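Reader: I would like to learn how to read the features of a structure. Please show it to me and take my questions in turn.

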Amino acid sequence: SLRATVRPSARIVATLGVEYQRASGASDGYVDFAPDFRVPNNFDLDRDILGLFAEGRYLPDEHWILQASIRHDDPDEVSGETTGKVGAVYALANGTTRLRANWGSGFKLPSFFALGSPLVGEPNLRPETSRSVDAGVTQLFLSGAAEVSVTLFDNDYEDLIDFDPDTFRNVNRDQVTTRGVEIAGAWSVSPDLSLRTHATYTDIDVKDSDRELLQRPDWRGGVALRWAPARDWLLDLDWLYVGDVLDSSIPTGILELDAWSRVDLSLGWLATPRLRLALAVDNLLDGDYEEAVGFPAAGIRPRLGVRYLFGGKP
């Protein structure tokens with residue numbers, strides 16, 4: 001990719017660019033349904049994508065931030081698509097309150113697996129297109145040490161790519177809307193301790209159908225704690241909650257998976273300016289859940305990491 005950035009003034013910055021992507025994907029295997037009953041799952045696909053883009057930011061005064069972008073993607077297999085985004089942020093009350101709004105459009109090509117898999121693929125899938133709008137407010141508290149933000153969003157998708165359990169194929173859903181609210185908060189309790197939290201509710205509607213999309217929970221949220229108990233030590237403790245979802249498999253058909261939560265721990269030590277050691281424990285409390293039908297959680301899973309910086313300044 002090539003890009004160039006220009007600054008006509010201190011309040012304006014613009015970037016122009018072009019990029020070329022050559023993508024290829026291949027699979028060589030089979031699905032073993034039963035003894036002496038195997039279904040091949042081979043495919044070999046590639047595509048070229050040429051993209052042109054421009055984006056800019058304008059700061060008319062100390063209260064406003066205005067930004068916009070436009071992009072044109074030209075894949076070699078389907079018609080090109082132009083997408084864009086515009087947004088604005090307005091700060092008031094000495095910067096302790098920020099209002100924001102965005103509008104954008106999107107374009108997504110089907111994956112090679114969705115197109116080429118002999119088992120579930122559909123070679124005639126159309127690319128997804130989308131339109132999205134969001135608006136929100138962020139409020140600072142405690143002299144900037146804490147903040148709370150609320151965001152409302154509304155997304156419209158055309159030709160959304162989804163798996164249909166009835167036909168056992170990937171399909172395009174003509175029109176899907178997702179609407180909801182996201183609430184997030186952060187608090188720097190001290191220079192050594194901080195908390196972050198988030199929660200999202202999403203309502204999904206597949207137009208002219210009673211179909212519910214798979215693996216899309218209504219609720220999702222979590223809490224993250226970061227603590228530096230001593231110099232060169234850092235501890236992260238994360239709790240994640242995911243609401244119940246629908247999922248499907250060949251033996252079971254469509255099932256509802258129960259909501260689940262998980263606690264993860266990470267402890268890092270900067271032994272020297274160049275050497276960092278880390279111990280992570282996934283699913284610290286040994287939660288029993290399934291993210292997908294037939295794939296139970298692995299239980300407590302410790303991991304050890306080592307990173308060393310060679311050469312240059314640490």
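Reader: With which residue does Arg 301 form a salt bridge, and how far apart are the closest N and O atoms?

Author: A salt bridge is a side-chain nitrogen of Lys or Arg within 4 Å of a carboxyl oxygen of Asp or Glu. Here Arg 301 forms one with Asp 282, and their closest N and O atoms are 2.8 Å apart. This pair links distant parts of the chain, with Arg 301 in strand β21 (residues 301-308) and Asp 282 in strand β18, 19 residues apart. Before going on, note that this is a predicted model, in which local features need pLDDT of at least 70 and side-chain atom pairs count only at pLDDT 80 or more, while totals for chains, interfaces and linings use all residues. Residues are numbered from 1 along each chain as its sequence is written, and side-chain values use heavy atoms, with hydrogens and water left out.

Reader: Is Asp 282 buried or exposed?

Author: Buried means under 20% relative accessible area, exposed over 50%, and partly exposed in between (1.4 Å probe, protein chains only). Asp 282 has 14% relative accessibility, so it counts as buried.

Reader: How many salt bridges does a search of the whole structure find?

Author: The search finds 18. One of them joins the side chains of Glu 19 and Arg 71, at 2.4 Å from N to O. Glu 19 belongs to strand β2 (residues 12-27) and Arg 71 to strand β6 (residues 64-75), so the pair ties together parts that are 52 residues apart in sequence. Glu 19 is partly exposed at 27%, and Arg 71 is partly exposed at 24%. Another salt bridge, between Arg 262 and Glu 291, has an N to O distance of 3.9 Å. Since Arg 262 lies in strand β17 and Glu 291 in strand β19 (residues 290-292), this pair ties together parts 29 residues apart in sequence.

Reader: How do I read the strands, and which strands pair with β17?

Author: Strands (E, at least two residues) are DSSP runs, numbered from the N terminus. Two strands pair if DSSP finds at least two bridges between them. Strand β17 (residues 260-270) pairs with β14 (residues 233-242) in the antiparallel sense over ten bridges. Within that pairing, Ser 261 stands opposite Tyr 241. Strand β17 is also joined to β18 (residues 275-282), again antiparallel, by six bridges. There the bridge partner of Ser 266 is Ala 280, and a hairpin of four residues connects β17 to β18.

Reader: Which residues make the nonpolar surface patch?

Author: Patches are made of residues with over 30% relative accessible area and no salt bridge; like charges are joined within 9 Å, and nonpolar side chains (Val, Leu, Ile, Met, Phe, Trp, Tyr) within 5 Å. The nonpolar patch covers about 790 Å², and its residues include Leu 92, Phe 141, Val 150 and Trp 187. Strands β9 (128-141), β10 (146-164) and β11 (169-190) each supply at least two of its residues, with the largest share, three residues, coming from β11. Val 150 is found in strand β10 and is partly exposed at 32%.

Reader: Which residues gather in the patch of negative charge?

Author: Asp and Glu count as negative, and Lys and Arg as positive; His and the chain ends are not counted. The patch is formed by Asp 203, Asp 210, Glu 212, Asp 218, Asp 244, Glu 256 and Asp 258. Asp 210 sits in the loop between β12 (193-206) and β13 (219-227), and at 77% relative accessibility Asp 210 is exposed.

Key. Areas by Shrake-Rupley, 256 points an atom, 1.4 Å probe, with all protein chains shown as cover. Charge placed at Lys NZ, Arg CZ, Asp CG, Glu CD.
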